[in-house]
Amino acid sequence: MAKLSLMFEEKTVKEVPVGTRPVSIGRSPDNDLPVDNLAVSNYHARVYFEGGRLVVEDLDSLNGTFVNDLRVERATLHDGDSIWIGKHHIKVDASGDAPVPWDTGRKASAPRINETMVLDTKARREMLQQAAATGERVQFAAGRLKVPTLVVVGGRTDQKEYMLTNKLTVIGKSAMATVKVKGWFKPAIAAQINQRDDGYYIGPGDKMPTVNGVPITGPVRLNDGDVIEISGVRMNFIFRE
Amino acid sequence: MRIVSGGVTDVGRVRTNNEDCFRIVESLDLFVLADGMGGEAHGEVASALAVETIVKSCMDPGVDAGATLVGNSEPTWSEKTKRLTSAVHRANKNIYDAAEANPEQHGMGATLTAAWIDGSKLSIAHVGDSRAYLLRSGNLQQLTSDHSLVAEQVRRGILTAAEAEESEMQSVLLRALGALPDIEVDTDEHVLFARDIVMLCCDGLTRMVTEPEIAGTLQAEIDPTKAAEKLIALANERGGVDNITVIVVRVGAESRGWFSWLFGGARKRAARNGAAGGS
């Protein structure tokens with residue numbers, strides 16, 4: 001039989017089995033699994049079996065129900081899942097019935113919702129709002145207008161300074177390169193700087209650049225102040241406000 | 001720029017129908033890929049409608065007689081970029097209207113990733129979680145952003161990339177063609193260099209095969225169609241849980257000077273023997 005264990009930090013506070021009747025979770029003491037914390041709504045969530053699957057349903061709680069860090073309104077539970085309610089979490093032990101086993105393989109486990117779906121506007125807004133609240137700190141850091149800039153400190157190039165406004169930047173002799181390197185026997189693409197979701201990465205072209213004196217073979221994330229050397233050109237990577 | 005391309009689609013190992021659709025228009029250097037959704041046969045309807053609308057709008061400028069560009073466009077964009085973006089808006093509307101008109105098709109939709117090459121300029125238009133990649137000097141760079149919930153959570157710093165790969169919410173999209181009457185299209189322009197490889201693929205590939213494996217296959221296999229086939233075989237080996245579609249586009253060296261005059265003939269003969277590609 002499936003079992004729910006209410007945990008606070010690493011300690012088990014209470015255990016309840018899930019049978020045919022739903023298990024109610026909330027701050028009010030008449031719940032099957034009372035959770036004594038102000039962040040928990042009086043009737044916060046419930047867990048029950050439906051068609052052989054163990055399901056958790058949020059009862060419009062103020063602070064939400066999370067399954068493995070993801071806020072849910074309703075979700076199928078699997079053995080080993082954690083339901084987070086406030087600072088408490090509830091460990092799901094469904095090993096007894098093992099109705100919906102997880103594939104543990106990294107790649108094999110990928111598509112758990114088989115059908116692709118699009119969130120409608122309301123659901124999307126809610127999910128993004130929630131996401132925004134959690135990610136606020138990160139958003140602000142990225143929100144300040146900082147333009148990544150290459151400042152040439154040595155060697156011959158067509159400009160002294162380049163603002164990296166495109167997703168892809170090529171450093172080389174090619175007429176189409178953003179940073180045009182001058183001189184004989186310079187490679188068409190000496191190196192490249194690409195923008196990714198989490199920052200700017202320098203990668204090799206026909207030559208291997210060095211970042212702060214260290215040669216790089218694959219893409220390396222650039223940090224404010226890094227010194228790049230390639231094909232006789234020395235540049236400083238900085239973020240300009 | 002000399003362009004060689006090939007594309008392959010496969011139903012995978014789990015599904016019984018293929019909801020993906022792609023088209024290579026060699027005369028235009030236009031490449032379009034769509035991944036349909038909506039159950040029954042409606043995903044196929046949506047993806048086919050998306051691809052057909054894009055190809056038609058891009059082939060026949062008359063459809064888009066100058067002023068009738070749909071959606072927002074940046075003044076700096078090239079004519080082709082504008083036309084491609086407009087075509088995606090049009091495809092969205094066509095799918096939405098079709099779904100509204102036929103109740104049984106309600107909820108159908110499609111992702112769309114399109115690339116149009118004009119000389120050394122690459123225009124990309126994109127909605128959904130299919131992807132465009134650029135392989136340049138051994139570096140594989142994703143050109144598009146996934147419009148999925150997990151990708152958005154990674155961008156906002158809520159999930160790590162590794163957690164996103166494990167998430168059961170991977171199939172939840174924030175944007176797709178046909179879901180709403182109006183849509184935001186991601187548009188980008190890039191400069192292409194000789195020896196660049198552009199790849200379009202649906203999530204059936206990227207959920208099964210890692211980026212280093214994609215980069216390795218594209219570098220090892222010169223023939224675009226064979227490269228696409230190898231990537232699909234790899235995805236199927238891993239389980240092939242979804243339909244898989246891959247388009248590979250290789251940008252050749254600029255033909256000029258006595259060197260290419262000397263070898264041009266041999267190259268032409270080799271190209272004629274290669275697979276034609278396209279559907």
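Reader: In chain B, what share of contacts between residues at least 6 apart in sequence join residues at least 24 apart?
Author: The share is 69%, where a contact means heavy atoms within 4.5 Å. This is a predicted model, in which local features need pLDDT of at least 70, side-chain atom pairs count only at pLDDT 80 or more, and totals for chains, interfaces and linings use all residues. Residues are numbered from 1 along each chain as its sequence is written, chains are lettered from A and ligands numbered from 1 in the order in which they are written, and side-chain values use heavy atoms, with hydrogens and water left out.

Reader: How many helices and strands are there in chain B?
Author: Chain B has 8 helices and 11 strands. Helices (H or I, at least four residues) and strands (E, at least two) are DSSP runs, numbered from the N terminus.

Reader: And how much of chain B is buried?
Author: Of its 279 residues, 55% are buried. Buried means under 20% relative accessible area, exposed over 50%, and partly exposed in between (1.4 Å probe, protein chains only). Chain B exposes about 11400 Å², and carbon and sulfur atoms supply 52% of that area. Accessible areas come from the Shrake-Rupley method with a 1.4 Å probe; for residues, only the protein chains shown count as cover.

Reader: Which residue does D186(B) bridge to?
Author: D186(B) pairs with R175(B), with the closest N and O atoms 3.1 Å apart. D186(B) is in strand β9 (residues 186–191) of chain B, while R175(B) is in the loop between β8 (172–173) and β9, 11 residues apart.

Reader: Are those two buried or exposed?
Author: D186(B) is partly exposed at 23% relative accessible area, and R175(B) is buried at 13%. Elsewhere, salt bridges that share partners join D197(A), E152(B), R155(B) and R156(B) into one network.

Reader: What does K180(A) pair with?
Author: K180(A) forms a salt bridge with D158(A), and the closest N and O atoms are 3.9 Å apart. K180(A) lies in strand β16 (residues 179–180) of chain A and D158(A) in the loop between β13 (147–154) and β14 (161–163), so the pair ties together parts that are 22 residues apart in sequence. K180(A) is partly exposed, with a relative accessible area of 28%, and D158(A) is partly exposed at 32%.

Reader: Where does β16 of chain A sit in its sheet?
Author: The sheet is open, with 5 strands in the order β16-β15-β17-β18-β21 (chain A) and mixed pairing. Its edge strands are β16 and β21 (220–221), each pairing on one side only. Two strands pair if DSSP finds at least two bridges between them.

Reader: How do β17 and β18 of chain A pair?
Author: Strand β17 (residues 191–196) and β18(A) are antiparallel over 6 bridges. Q195(A) stands opposite Y200(A) in β18(A).

Reader: Which ring does Y200(A) pair with?
Author: Y200(A) pairs with F239(A): the ring centres are 6.4 Å apart and the planes at 65°, so the pair is edge-to-face. Rings of Phe, Tyr and Trp (its six-membered ring) pair if their centres lie within 6.5 Å; planes under 30 degrees apart count as stacked, over 60 as edge-to-face and the rest as tilted. Y200(A) counts as buried at 12% relative accessibility, whereas F239(A) is partly exposed at 27%. Y200(A), F237(A) and F239(A) form one aromatic cluster.

Reader: What does β23(A) pair with?
Author: β23(A) pairs with β13(A) in the antiparallel sense over 7 bridges. Strand β22 (residues 226–230) of chain A also pairs with β23(A), antiparallel over 5 bridges.

Reader: What stands opposite R234(A) there?
Author: E229(A) does. The side chains of R234(A) and E229(A) also meet in a salt bridge, 3.1 Å from N to O. R234(A) is partly exposed at 38%, and E229(A) is partly exposed at 35%.

Reader: Which residue takes a positive phi in the hairpin of β22(A) and β23(A)?
Author: S231(A) does, near 45°, and the hairpin has 2 residues between the strands.

Conventions: Salt bridge = Lys/Arg side-chain N within 4 Å of Asp/Glu carboxyl O.
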